[in-house]
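Hello,

Please take a look at the structure below. My notes follow it.

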Amino acid sequence: MTPPRSPAGHAGRILVRADETDVDILSQVIAEAFFDLPPSRWLAPDPATRRAIFPAYFRLYVEHALDRWLVHTTPHRDAVALWLPAGPGAPGPHSDYRARLAVITGSLAAGFEAFDAALEARHPAAVPHQQLAILAVRPGQQGHGTGTALLAARHAALDAEGIPAFLQASSPDSRRLYLRHGYIDYGPRIELPGGPALDPIWRQPHDPQDAGRQQ
């Protein structure tokens, strides 16, 4: 059963909850947005290989998040945020995740598995929270506040429920972006073998009454 698409607004923008009909286009949005990120180049150094495998690879993430009903997008499907429940008792990947990953990534599968292991090793498993698995805006649409709107809409809900958030920033620029949105560094950086580093960062829920007093 598909939940209703509930529109939400932030700073004059309309955000919608994605469903199964959006899987292909949102997977492509992420593939395009993440194409040149340092971890992407580490996972698949050859651009043609990235172009070939990334839509199917990110489809795994979109499908997983949709199962938890925590995928937000825009009316034009040019941006997407994937949120997952995390911490004690949170559901893990689909049982066929590794098999599908191996088929998609072929000879590069070991690197993708090492990437997953490196991130999982530094995940705060003892504290209930929500993980921002992916925030992506299609190239050409970046810099117009769409990502900020997606973040702010979810943060408002998390603040109301008193739930922390966690993510692994994939570049210094993205880390700086999230720090401006109330995140703080969460322990040492995640060093990929022979490759770039990611920054684990954490956001404590804010008191909505404090935000109201500041306005």
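Gln-131 stands opposite Phe-166 in β6. This is a predicted model: local features need pLDDT of at least 70, side-chain atom pairs count only at pLDDT 80 or more, and totals for chains, interfaces and linings use all residues. Residues are numbered from 1 along each chain as its sequence is written, and side-chain values use heavy atoms, without hydrogens and water.

β5 and β6 pair in the parallel sense over two bridges. (Pairing needs at least two DSSP bridges between two strands. Strands are DSSP runs of E, at least two residues; helices are runs of H or I, at least four; both are numbered from the N terminus.)

β6 covers residues 165-169, and five of its five residues are buried (under 20% relative accessible area, 1.4 Å probe, protein chains only). Ala-165, Leu-167 and Ala-169 point one way from β6. Phe-166 and Gln-168 point the other way.

**The cores**

The largest nonpolar core has 34 residues. (A nonpolar core is a set of buried Ala, Val, Leu, Ile, Met, Phe, Trp, Tyr and Cys residues joined through side-chain atoms within 4.5 Å.) Among those that touch the most other members are Ile-30, Phe-34 and Val-80. α3 gives the largest share of this core, eight residues. Apart from this core lies another, of 18 residues, including Val-137 and Tyr-178.

**Val-80**

Which residues is Val-80 in contact with, leaving aside its neighbours within four places in sequence? Among them are Leu-26, His-72 and Leu-150 (contact means heavy atoms within 4.5 Å).

Best wishes

Terms used. Buried < 20%, exposed > 50% of the residue type's maximum accessible area, 1.4 Å probe, protein only.
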